[in-house]
Amino acid sequence: MNRKNKWIIYGIGLSLLLGGCMNMDNANGNGVDEKESAEKQVKNQYVRVQEYTGEGYTLKNGKETDKIAEANHEEVEKAVKDFFLKEYKTDVKVHNIVGNEDGATVFVESTNPLHFYTYAIVPIDKSNEKIQSDRVFSQEGQVESAITEGLYRSIFKDEFDHLDNYLEKIANEEPVTGRTVESLQNVGGSGYMTPYYFLSSTVVNDESIKPVYDLYMEDPQVSTEELRAAYNEQAFDPTKFRVVINLFMKDKNTDPDEKVFNKVVSDIESMVDIPRGAYSIFLNDNTVLKQSFEGVKDNSLEKAIPNEIIKE
């Protein structure tokens, strides 16, 4: 499940919660008390971004399977590691297991030779409390996209180093920060990610990286130089490779700072030594939603689709 869909699902649940409270207001005449209770409950779903490590993250109807998966942790972990090694020739480290309606979503990290975060799903027979280790799967295109993003980071190392250094400088000089590494490990699962940004690319739609991906999948130990040589510069379309910068205010109870936001937008627009692609920039307040890892809210400042910054 991608981050956008998780946010939509939670938004529906939140609407139902508030809708239920409004119905109780009409039935019981306790509008003020119920409204305050609902607002408090919603407020408690948020946590400071510097404190969030993934605790409280949930998937729909996953309470029962979460307990089964935890009781069979070693079997789940082995099944997932075997899956990635067999299907993608990739060793992974398991960081977190979260129950979903029909199984367990397992968040993993690959660090060698490529670095990326992703996840796999382990079906669970709830009636027999049995882990179906031979039926592990990944959502279509999810791992392929993660590998593609890891490849981009590898073959354009210098350009990404410049971007990383700039964002770290901004975090040191301005009142902004990023996500914790622990949160990326435990509930990130979205390909190549850093505390300040994540990438979005698919090998299916990106003809420039496809030869690199094919070469890597034939031999994951192939040299970076060979991978870079396989990259098809002429086929590059910046709208097929996205960099999504997600910054947060450093202090609690602080609205996004428009001056800082405009500075980052201006800097990214003018920089020439960072990766080519389509850049989206978000500046959020200091909190994320525990259940979904989401930080973008109504008060967030953003420059995004269809007004991305295009670096050709």
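Q: What is the average pLDDT of the protein chain?
A: It averages 88, and 86% of the residues score at least 70. pLDDT is the predictor's confidence in each residue, from 0 to 100. In this predicted model, local features need pLDDT of at least 70, and side-chain atom pairs count only at 80 or more, while totals for chains, interfaces and linings use all residues. Residues are numbered from 1 along each chain as its sequence is written, and side-chain values use heavy atoms, leaving out hydrogens and water.

Q: Where does pLDDT stay under 50?
A: Over residues 1-29. The model has 34 contacts beyond four places in sequence for them; contact means heavy atoms within 4.5 Å.

Q: New topic. Which residues are buried in helix H3?
A: Thr65, Ile68 and Ala69. Buried means under 20% relative accessible area, exposed over 50%, partly exposed in between (1.4 Å probe, protein chains only). Helices are DSSP runs of H or I, at least four residues, and strands are E runs of at least two, numbered from the N terminus.

Q: What covers the buried residues of H3?
A: The cover includes helix H4 (73-88) and strand S2 (93-100).

Q: Which residues of H5 meet H6?
A: Tyr152, Arg153, Ser154 and Ile155. They meet Lys157, Phe160, Asp161 and Asp164 in H6.
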